[in-house]
Amino acid sequence: MFQTLDENINYHMICKNTDIFKAIENKFYENFCEYKELDVIFLINNKNINKNKSSDENGIHKNDCINIIF
């Protein structure tokens with residue numbers, strides 16, 4: 001689940017645990033293209049997500065909330 005702090009975005013996406021986060025990010029931007037040009041930070045448990053690692057490697061698990069900061 002992707003969520004902004006102000007909860008304007010509350011978006012659920014199904015992904016594999018082996019998906020590289022960059023691919024997940026691109027799927028997010030397909031639905032929210034207006035944010036693609038912004039300097040977006042994705043956090044899981046208050047830690048920056050490494051876009052070159054898989055969900056497993058970033059410690060992202062089923063039903064986790066990924067915070068989006070602009």
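Contact here means heavy atoms within 4.5 Å. Keep that cut-off in mind for the stops below. The model on screen is predicted.

**Stop 1: the sheet**

Switch to cartoon view. Five strands make an open sheet, in the order β2-β1-β5-β3-β4 and with mixed pairing. Find its edges: β2 and β4 (47–48) each pair on one side only. Strands of a sheet pair through backbone hydrogen bonds, either parallel or antiparallel.

Now select β3 and β5. These two strands run antiparallel and are joined by three bridges. For a landmark, pick L43, which stands opposite N67 in β5.

**Stop 2: the helix across the sheet**

Select α1, residues 21–31. Helix α1 lies across β1, β2, β3 and β5. Against β3, the helix runs at about 120°.

**Stop 3**

Show the side chain of F21. Which residues does F21 contact, leaving aside its neighbours within four places in sequence? They are F2, F42, I49, N50, K51, K53, N58, I60 and I66. Color them and look around the ring.

**Stop 3: the aromatic rings**

Select the Phe and Tyr side chains. The model has 12 aromatic pairs. Zoom in on Y11 and F32. Their rings form an edge-to-face pair, 5.2 Å centre to centre, with 80° between the planes. Y11 sits in strand β2 (residues 10–11), and F32 sits in the loop between α1 and β3 (41–44), so this pair ties together parts that are 21 residues apart in sequence. Is F32 buried or exposed? F32 counts as buried because its relative accessibility is 16%, and the cut-off for buried is under 20%.

Move on to F28 and F42. Their ring centres are 5.9 Å apart and their planes stand at 85°, so this pair is edge-to-face as well. It links distant parts of the chain: F28 is in helix α1, F42 is in strand β3, and they are 14 residues apart. Both F28 and F42 are buried.

Now zoom out and keep the rings on. Ring pairs link F2, Y11, F21, F28, Y29, F32, Y35, F42 and F70 into a cluster.

**Stop 4: T4 in strand β1**

Select T4. You will find it in strand β1 (residues 2–4). T4 is buried, because its relative accessible area is 5%. Follow its side chain, which reaches the backbone nitrogen of I9 at 3.1 Å. Not counting residues up to four places away in sequence, T4 touches I9, I68 and F70.

**Stop 5: K22 on the helix**

Go back to α1 and select K22. At 38% relative accessibility, K22 counts as partly exposed, because that class lies between the cut-offs of 20% and 50%. Which side chain does K22 join through a polar contact of 3.2 Å? The partner is E25.

Finally, draw a distance from the C-alpha of K22 to the C-alpha of V40. The two are 12 Å apart in space and 18 residues apart in sequence.

Terms used:
Residues numbered from 1 in each chain as written. Predicted model: local features only at pLDDT ≥ 70, side-chain atom pairs only at ≥ 80, totals over all residues. Heavy atoms only, no water. Helix = DSSP H or I, 4+ residues; strand = E, 2+ residues; numbered from the N terminus. Buried < 20%, exposed > 50% of the residue type's maximum accessible area, 1.4 Å probe, protein only. Polar contact = N/O pair within 3.5 Å; in protein donor to acceptor, adjacent residues only side chain to side chain. Phe/Tyr/Trp six-rings, centres within 6.5 Å; stacked < 30°, edge-to-face > 60°. Pairing = 2+ DSSP bridges. Axes fitted to C-alpha atoms, helices over the stretch in contact; angles between N-to-C directions.
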